[in-house]
Amino acid sequence: MSDDAQQALRRAAALLAQARNILVLTGAGISAESGIPTFREAQTGLWAQYSPEDLATPEAFARHPERVWAWYRWRRALIARGGVNAGHRAIAALGGLTRVFVATQNVDGLHAAAGSLDIAELHGNIWRDRCSRCDTTVAHEILEPATEDIAVCRECGAMMRPDVVWFGEMLPIDALRAAESALDRADAVLVVGTSSRVYPAAALADAAIESARPVIEINPQPTGLSDTVDIRLADSASRALPALVAALDGVLTSG
Ligand code: APR
């Protein structure tokens, strides 16, 4: 690690050591190292012929539910195979040192699998089915074997769909409110592995910056936020997060 990177890590740890409540905002980048492609990268291989509008909209589901379900089953299998990585684990470990709330754009359920407790899933959860008519939900375990048939709702008999937010749909209001109150309480914000371009989730990071709360960004690539954050750790989540949590632990135990 360069001297500059080490200094940034030390400053970030010192800043977190002052915080009683930390909000962690995460995106596809934290799960990339579990081998889970981001949405756009996922348009490869077998699925390259379809655009996101063919796979992740209510209209696509109405026209081709079997195709949409096949794609979501493929993504579930990737997630089950990849599992949690050192980045997810480090965020869970951070929760053992201080109060942490995680607001994620990811639907993979890996923060909970790693042991984080307070989580808002802003774009839903791929491991939950929801009735396309009456909203009854059914949760699955991450390692549950996939079935080939499209499940129907046990309450009303309509087709089940993945309980994720598709293009053109609203975010779950409870998750959004929980994330907003976590931001109100937070005295530091960590933004990890998100391009911060997809709204309204990205508005949380914008609001953190506008509110003058200290913001630390972890991302190997610069983003639209990078110039305005207080500290930027230009590294992968699976390297930067464990290093940051170890450094924080060091500050807390020595102080
Ligand atoms: N560690 C940290 N960050 C990483 C890593 C890594 N190992 N690898 C990539 N990144 C960063 C990229 O540099 C990029 O800035 O992760 C970010 C991923 O950005 P996006 O693909 O735009 O993902 P996200 O910000 O989560 O927004 C995607 O849009 O398609 C919809 O609903 C879908 O939730 C999804 C949202």
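These legends accompany close-up views of a predicted model.

Residue numbers start from 1 along each chain as its sequence is written, and side-chain values rest on heavy atoms, with hydrogens and water left out. Because the model is predicted, local features need pLDDT of at least 70 and side-chain atom pairs count only at pLDDT 80 or more, while totals for chains, interfaces and linings use all residues.

**View 1. Helix α1 meets helix α10.** Here are α1 (residues 3–17) and α10 (residues 237–254), whose axes come within 8 Å and cross at roughly 55 degrees. Helices are DSSP runs (H or I, at least four residues) and strands are runs of E (at least two), numbered from the N terminus. Axes are lines fitted to C-alpha atoms, for helices over the stretch in contact, with angles from 0 to 180 degrees between N-to-C directions. The two helices are therefore oblique to each other; angles under 35 degrees count as roughly parallel, over 145 as roughly antiparallel, 65 to 115 as roughly perpendicular and the rest as oblique. From α1, look for Leu-9, Ala-12, Ala-13, Leu-16 and Ala-17 in the contact, which means heavy atoms within 4.5 Å. Among their partners on α10 are Ala-240, Leu-244 and Val-251. The residues of this contact are 12 nonpolar, no polar and no charged (Ala, Val, Leu, Ile, Met, Phe, Trp, Tyr, Cys and Pro count as nonpolar, Asp, Glu, Lys and Arg as charged, and the others, Gly among them, as polar).

**View 2. Helix α8 beside helix α9.** The axes of α8 (residues 173–185) and α9 (residues 202–210) come within 11 Å and cross at roughly 15 degrees, so α8 is roughly parallel to α9. Ala-179, Glu-180 and Leu-183 of α8 touch Leu-204, Ala-207 and Ala-208 of α9. This set holds 5 nonpolar residues, no polar and 1 charged.

View 3. A polar side-chain atom of Glu-33 sits 2.8 Å from a ligand nitrogen atom. For Ser-195, a side-chain N or O atom is 2.6 Å from an oxygen atom of the ligand, and for His-123 such a distance to a ligand oxygen atom is 2.8 Å.

View 4. Most residues other than glycine have a negative phi, and most peptide bonds are trans.

Note on methods
A polar contact is a pair of N or O atoms within 3.5 Å; within protein, one must be able to donate a hydrogen and the other to accept it, and residues adjacent in sequence count only if both atoms are side-chain atoms.
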